[in-house]
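This report describes a ligand site and the pockets of one protein model. Please view the sequence and the structure together before reading on.

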Amino acid sequence: MVNDCVFCQIAAGLHPADVVYESGTVLAFRDIHPQAPTHILIIPRKHIARIADLQPADAAVMGDVMIAARLVAEQIGVDDAFRLVVNSGRSAGQSVFHIHVHLLAGRRFGWPPG
Ligand code: AMP
């Protein structure tokens, strides 16, 4: 755990969050500034700052994150249409440096993304 990382704090139960799914390796909770009617963040419990920092040893946990995205989409009833977004690096839009997958649903999405 990285003490000054808000997502590590959420994963440790030290910071409040609206948790919708948890397992031994993954946590999913609602975004505090939703960009769609459904906006959930799926994180590995392990602190990894960015996709750009991933190592081969992280393959299993990142697989768990993607499977959790599918489970959460089903659980919430949006599995017919949803978008997953991962920002890596500040100029790509990353503001919290603990890997998270945004699960967005409930509205139409444009392409290319902004
Ligand atoms: P990104 O800009 O891709 O790094 O996304 C970070 C996301 O985390 C943003 O959508 C924020 O609204 C969200 N966020 C930041 N702090 C919290 C928090 N304490 N609980 C829930 N979502 C958060």
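## The largest pocket

What volume does the largest pocket have? The volume of the largest pocket is about 360 Å³. A pocket here is found on a 1 Å grid over the protein atoms alone, as an open set of points where a 1.4 Å probe fits, with protein on both sides within 12 Å along at least five of seven lines; its lining residues have an atom within 4 Å of a point. Grid points are joined across faces, edges and corners, and a volume is the space filled by probe spheres set on the points.

This is a predicted model, in which local features need pLDDT of at least 70 and side-chain atom pairs count only at pLDDT 80 or more, while totals for chains, interfaces and linings use all residues. Residues are numbered from 1 along each chain as its sequence is written, and side-chain values use heavy atoms, with hydrogens and water left out.

The largest pocket is lined by 19 residues, of which Phe7, Asp31, Ile32, Leu41 and Val96 are closest to its centre. Two elements, α1 and β2, each give two or more residues to this lining, and α1 gives the most, with three residues. Helices (H or I, at least four residues) and strands (E, at least two) are DSSP runs, numbered from the N terminus. By class, the lining comprises nine nonpolar, seven polar and three charged residues. Ala, Val, Leu, Ile, Met, Phe, Trp, Tyr, Cys and Pro count as nonpolar, Asp, Glu, Lys and Arg as charged, and the others, Gly among them, as polar.

## The ligand and its shell

The ligand sits in the largest pocket, since more than half of its atoms lie within 2 Å of the grid points. The elements α1 (6-11) and β2 (26-30) each give two or more residues to the shell around the ligand, and the largest share, three residues, comes from α1.

In total, 17 residues surround the ligand (a heavy atom within 4 Å). The closest are Asp31, Asn87, Gly93, Ser95 and His102. The shell has seven nonpolar, eight polar and two charged residues.

A side-chain N or O atom of Asp31 is 2.5 Å from an oxygen atom of the ligand. For Asn87, a polar side-chain atom lies 2.8 Å from a ligand oxygen, and for His100 the distance from a side-chain N or O atom to a ligand oxygen is 2.9 Å. The ligand taken alone exposes 500 Å², and the protein buries 86% of that (Shrake-Rupley method, 1.4 Å probe).

## The second largest pocket

The second largest pocket has a volume of about 280 Å³. Among its 14 lining residues, Val85, Asn87, Leu104, Pro113 and Gly114 are closest to its centre. At least two lining residues come from each of β4 (83-85) and β5 (101-105).

## A cis peptide bond

The peptide bond from Trp111 to Pro112 is cis, with omega near 5°. Pro112 is found in the segment after β5.

Notes. Polar contact = N/O pair within 3.5 Å; in protein donor to acceptor, adjacent residues only side chain to side chain.
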